[in-house]
Amino acid sequence: MHAVPLSDALGAELVDFDITEPHTAEEQAELRRLFRQYHLLLVRGQAVTAADHDRFVGAFGPLQSNRIGDAAGYVTNQDDPRSLFGDELWRLLWHNDGAYGPNPGIATSLWAEDISPNATPTQFANAIEVVDRLPADVREQVERLRIVNAVDTAYLRTYERVPYDELLTTDEPDRYVTYEHPVLFEPPHLERRAIIASEQMTAHVVGLDRVDGEAFLEALYDHLYADDNVYTHHWQRNDIIIWDNIALHHARPEAPGPEPRHLRRQTIDGWYTDDGGVIDWTSSRAGRPRADSQM
């Protein structure tokens with residue numbers, strides 16, 4: 001197999017790779033190496049089954065069970081009992097899945113089982129490479145500041161973040177899940193840190209008043225979500241992508257229309273190391289709220 005870059009920012013398409021066949025240990029190690037290099041891998045133009053999808057994702061780490069009790073669910077605008085988020089999808093702001101807890105997901109994969117040619121794309125921003133390109137003043141703040149990420153477990157507010165005042169004044173404290181992170185998160189499978197402050201999840205910058213905190217986030221997001229740091233994936237039927245949920249942020253720029261956008265979703269709950277070990281990430285399941293993000 002070899003990888004053809006998808007953009008200057010991130011991502012590669014795998015060519016001369018048959019996703020429908022079992023992978024040798026050497027091929028699995030190469031998949032993980034390419035994943036660490038490009039942070040997003042695409043397989044396109046093959047007749048795929050659910051077993052193929054599961055086997056491919058399972059080369060990276062143990063499959064994670066979701067809230068409906070299966071290893072896979074669906075991100076869909078169709079009426080399907082396997083849907084993880086219902087059939088009404090909205091705009092989805094930039095974020096990492098699970099960043100409201102201690103262990104954001106390592107990798108997420110989507111398979112386009114049924115997709116309209118005009119389906120809303122999914123966007124990805126590189127939260128690792130951008131760090132070295134930040135202006136000195138922003139980089140200094142990124143290195144030392146901490147943030148509070150939050151999710152509302154009662155509603156899928158993918159189109160807005162939770163206002164910090166709401167967290168402070170709520171009479172429903174169990175409704176919100178929050179976690180304080182350093183702005184730069186240390187992934188367990190990479191040797192570089194990634195920005196975990198995001199447009200959707202980050203409610204507050206610790207140690208700064210509201211004005212200064214918002215100014216910092218705005219300056220950071222100007223670089224993180226700049227056009228030259230983003231790859232936009234336009235879906236085709238039977239596309240399978242797997243991306244690094246820590247190294248990358250993802251977003252949906254608008255609400256899907258009625259035409260099919262039916263994506264099978266797989267995630268992993270750890271990472272297979274090349275020496276045969278596994279990095280256990282099962283605590284990422286702890287307290288996982290109903291209102292997980294979408295793609």
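**Reading strands, rings and a pocket**

Q: Which residue in β3 is the bridge partner of Ala-12?

A: The bridge partner of Ala-12 in β3 is Leu-41. This is a predicted model, so the pairing is read from predicted coordinates. Strands β2 and β3 (residues 40-43) pair in the parallel sense, over two bridges.

Q: Where do the side chains of β3 point, and are they buried or exposed?

A: In a regular strand, side chains alternate between the two faces of the sheet. In this case both faces of β3 are covered. Leu-40 and Leu-42 lie on one side, Leu-41 and Val-43 lie on the other, and all are buried.

Q: What is the order of the strands in the open sheet?

A: The open sheet has seven strands, in the order β1-β2-β3-β14-β6-β16-β4, and the pairing is mixed. The strands at the edges are β1 (2-5) and β4 (72-76). Each has a single partner strand, so one side of each is left without a neighbour in the sheet. From one strand to the next, the twist averages 25 degrees.

Q: How many residues of strand β8 are buried, and which strands does β8 pair with?

A: Six of the seven residues of β8 (residues 146-152) are buried, so the strand is largely enclosed by the rest of the structure. β8 pairs with β9 (residues 176-182) in the antiparallel sense over seven bridges. One example is Ala-150, whose bridge partner in β9 is Thr-178. β8 also pairs with β12 in the antiparallel sense, over three bridges. There, Val-148 has His-204 of β12 as its bridge partner.

Q: How is a pair of aromatic rings described?

A: Two values are used: the distance of the centres and the angle of the planes. In this model the count comes to nine aromatic pairs. One of them is Phe-17 with Phe-56, a tilted pair with 6.0 Å centre to centre and 50 degrees between the planes. That pair links distant parts of the chain, 39 residues apart. Phe-17 sits in the loop between β2 (12-15) and α1 (25-38), and Phe-56 is in helix α2 (residues 50-57).

Q: Are Phe-17 and Phe-56 buried or exposed?

A: Phe-17 has a relative accessible area of 7% and counts as buried. Phe-56, with a relative accessible area of 0%, is buried too. Tyr-221 and Tyr-225 form another tilted aromatic pair, 5.4 Å centre to centre with 35 degrees between the planes. Both tyrosines, Tyr-221 and Tyr-225, are buried.

Q: Which residues form one aromatic cluster?

A: The cluster consists of Phe-17, Phe-35, Phe-56, Phe-60 and Trp-271.

Q: What is the volume of the second largest pocket, and which residues lie nearest its centre?

A: Rolling a probe the size of a water molecule over the atoms shows where empty space is left. The second largest pocket has a volume of about 200 Å³. Its lining has 14 residues, and those nearest the centre are Arg-161, Tyr-164, Ala-203, Arg-210 and Glu-214.

Q: Which elements supply the lining of the second largest pocket, and what kinds of residue does that lining hold?

A: At least two lining residues come from each of α4 (164-169), β12 (202-205) and α5 (210-224). α5 gives the most, with four residues. By kind, the lining of this pocket divides into seven nonpolar, two polar and five charged residues.

Key:
Residues are numbered from 1 along each chain as its sequence is written. This is a predicted model: local features need pLDDT of at least 70, side-chain atom pairs count only at pLDDT 80 or more; totals for chains, interfaces and linings use all residues. Side-chain values use heavy atoms; hydrogens and water are left out. On a 1 Å grid over the protein atoms alone, a cavity is a set of points where a 1.4 Å probe fits but cannot get out, and a pocket is an open set with protein on both sides within 12 Å along at least five of seven lines; lining residues have an atom within 4 Å of a point. Grid points are joined across faces, edges and corners, and a volume is the space filled by probe spheres set on the points. Ala, Val, Leu, Ile, Met, Phe, Trp, Tyr, Cys and Pro count as nonpolar, Asp, Glu, Lys and Arg as charged, and the others, Gly among them, as polar. Rings of Phe, Tyr and Trp (its six-membered ring) pair if their centres lie within 6.5 Å; planes under 30 degrees apart count as stacked, over 60 as edge-to-face and the rest as tilted. Buried means under 20% relative accessible area, exposed over 50%, partly exposed in between (1.4 Å probe, protein chains only). Two strands pair if DSSP finds at least two bridges between them. Axes are lines fitted to C-alpha atoms, for helices over the stretch in contact, and angles run from 0 to 180 degrees between N-to-C directions.
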